[in-house]
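Please look over the sequence and the model below before reading on. The report is meant for someone meeting this structure for the first time.

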Amino acid sequence: MELDTTGSRLNDLRIHDMRRTLGSWQAATGASLVVIGKSLGHKDTASTMIYSRLNLDPVRDSMQTATRAMLAAGGLLPTAEVIPIKRKNG
């Protein structure tokens with residue numbers, strides 16, 4: 001099915017292009033692959049996996065959070081030194 005793009009600056013726009021754009025935006029805004037796959041009507045997760053490579057920030061953030069938690073649990077993170085602030089009299 002082709003979309004009527006009369007009057008627009010879009011050439012050769014197809015429904016599949018719109019579906020991929022939706023899936024890409026879902027991935028970029030943090031939707032899970034399960035949610036993306038269901039919204040696009042994918043029968044298996046292999047079809048949805050292409051969207052997993054679009055936004056790696058959540059993966060990186062999750063790994064950093066887990067690593068910090070492991071280091072803190074093992075007592076390997078340096079503690080901050082607290083220095084009291086002296087108040088001015090007057």
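The report below takes up confidence, then the helices, then a few selected residues.

This is a predicted model, in which local features need pLDDT of at least 70 and side-chain atom pairs count only at pLDDT 80 or more, whereas totals for chains, interfaces and linings use all residues. Residues are numbered from 1 along each chain as its sequence is written, and side-chain values use heavy atoms, with hydrogens and water left out.

The predictor's confidence in each residue is given as pLDDT, from 0 to 100. The chain has an average pLDDT of 83, and 93% of the residues score at least 70. Confidence is highest in helix α2 (residues 33-40), at a mean of 93, and lowest in helix α4 (residues 57-73), at 86. Helices here are DSSP runs (H or I, at least four residues), numbered from the N terminus.

The expected span of a helix is 1.5 Å times one less than its number of residues. Helix α1 (residues 15-28), with 14 residues, reaches 20 Å from its first C-alpha to its last, close to the 20 Å expected. For α4, the 17 residues should span 24 Å at 1.5 Å a residue, and this agrees with its end C-alpha atoms, which are 24 Å apart. Just after α4, Gly75 takes a positive phi of about 70 degrees.

Cover by the protein is described by relative accessible area: buried means under 20%, exposed over 50%, and partly exposed in between (1.4 Å probe, protein chains only). In α1, the residues Gly23, Gln26 and Ala27 are buried. They cover an arc of only 100 degrees around the axis, which puts them on the same side of α1; the arc is that of the directions from the helix axis to the C-beta atoms. In α2, Ile36, Gly37 and Leu40 are buried. Seen down the axis of α2, these buried residues fall within an arc of 95 degrees, so they line one face of the helix. The face of α2 turned away from this buried side carries Val34 and Lys38, which are exposed.

Several other residues have their relative accessible area listed here.

| Residue | Relative accessible area | Class |
|---|---|---|
| Ile15 | 32% | partly exposed |
| Asp61 | 44% | partly exposed |
| Val59 | 45% | partly exposed |
| Ala80 | 70% | exposed |

Ile15 lies in helix α1, while Asp61 is placed in helix α4. Ile15 and Asp61 are 46 residues apart in sequence and 34 Å apart in space, C-alpha to C-alpha. Asp61 and His16 are 45 residues apart in sequence, with 31 Å between their C-alpha atoms. Ala80 is found in the segment after α4, and its C-alpha is 15 Å from that of Arg68, twelve residues apart in sequence.

Val59 also belongs to helix α4. Together with Leu56 and Met63, Val59 forms a nonpolar patch on the surface, with about 280 Å² of accessible area in total. Such a patch joins nonpolar side chains (Val, Leu, Ile, Met, Phe, Trp, Tyr) within 5 Å, from residues with over 30% relative accessible area and no salt bridge, a salt bridge being a side-chain nitrogen of Lys or Arg within 4 Å of a carboxyl oxygen of Asp or Glu. Accessible areas come from the Shrake-Rupley method with a 1.4 Å probe.

Definitions and conventions. Helices (H or I, at least four residues) and strands (E, at least two) are DSSP runs, numbered from the N terminus. Patches are made of residues with over 30% relative accessible area and no salt bridge: like charges are joined within 9 Å, nonpolar side chains (Val, Leu, Ile, Met, Phe, Trp, Tyr) within 5 Å.
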